[in-house]
Amino acid sequence: MISNPNLIYYACIAQRDTILGEISKEPGIGALAHQCIEKTPPHHSLYTHTVRKRTYTFSVVDPFVYFAIFDQDLDQSEAVSFLNRLKCDFEKVKGSGQNSNGGNFASHCFQAEFDSIFREIMASSDLDLPNAPPASRNLSMESSSKGKRLLLSPLLGNKQSQGLKKKKRLSGEVNGELCKDVMSTMEKKLDVCEDVRDLALPGAQKSGSLHSCERQKAKQVWRKQVWVVLMLDLFVCAVLFGVWLWVCRGLKCIDS
């Protein structure tokens, strides 16, 4: 289903703006995802938006939202297939679970089920994923070597720790700028979609008025041409009448 799991940065299931379960590859990406969930496009069952080499995809089945952040290199059919599989498996779990009352669910109440669903989807793609507990879901896709570096980093000197703090601040600033960029571009794109619907009728009226103007211009040109032809006919008739009078020397032809 997914040719390269490294192209999936984040995935979640939400009820309106409440996240019921999530999996994230990068620390801090959950905050950006939550803001995207709050701005879920209305009147859309499927919505995708690409910015800064990342594709943000929504699959909406009210009141649930299936959201994921992919690398732009991931084929769109794979992304949609992934969300559809996520939706189908969650419907089965929700229908047979204890929280299937159809009301409002608590935050991350389906986290364990979501982890299981995500592992099954990745397993169906012939991928090897560790059985990480829900508490470590943000690091479930990290390599073991990176985990060792994270454990050894506190043992380094003060300069190293200061460098790490600077990196964290920089990453936070970058994430903030990315969040603003994503949200602003999404709002602009949604505004355009809504404006297209609102302007559909006025646009038709404008096109109709343009056609009427063209018809009026055509009528005016036709009238001018008719007048020109009539004037030429009158001129020719007057010339012929003059010739006839000159040949007949007035009205003598009629008198005779």
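Predicted model: local features only at pLDDT ≥ 70, side-chain atom pairs only at ≥ 80, totals over all residues.
Reader: Which residue in β5 is the bridge partner of Thr55?

Author: Numbering starts from 1 along each chain as its sequence is written, and side-chain values use heavy atoms, leaving out hydrogens and water. Strands here are DSSP runs of E, at least two residues, numbered from the N terminus, and they pair if DSSP finds at least two bridges between them. β4 and β5 pair antiparallel over 8 bridges, and the β5 partner of Thr55 is Phe70.

Reader: Which strands stand at the edges of the sheet?

Author: The open sheet has 5 strands with antiparallel pairing, in the order β2-β1-β5-β4-β3. Two of them have a single partner strand each, so one side is left without a neighbour in the sheet: β2 (18-24) and β3 (46-51).

Reader: How many residues of β5 are buried?

Author: Buried means under 20% relative accessible area with a 1.4 Å probe, protein chains only. Phe64, Tyr66, Ala68 and Phe70 point one way and Val65, Phe67, Ile69 and Asp71 the other, all of them buried. β5 is therefore largely enclosed by the rest of the structure, the count being 8 of the 8 residues.

Reader: Over which residues is the pLDDT below 50?

Author: The chain averages a pLDDT of 74, and 62% of the residues score at least 70. The stretch below 50 is residues 127-161.

Key
Helix = DSSP H or I, 4+ residues; strand = E, 2+ residues; numbered from the N terminus. pLDDT = per-residue confidence, 0-100. Contact = heavy atoms within 4.5 Å. Buried < 20%, exposed > 50% of the residue type's maximum accessible area, 1.4 Å probe, protein only.
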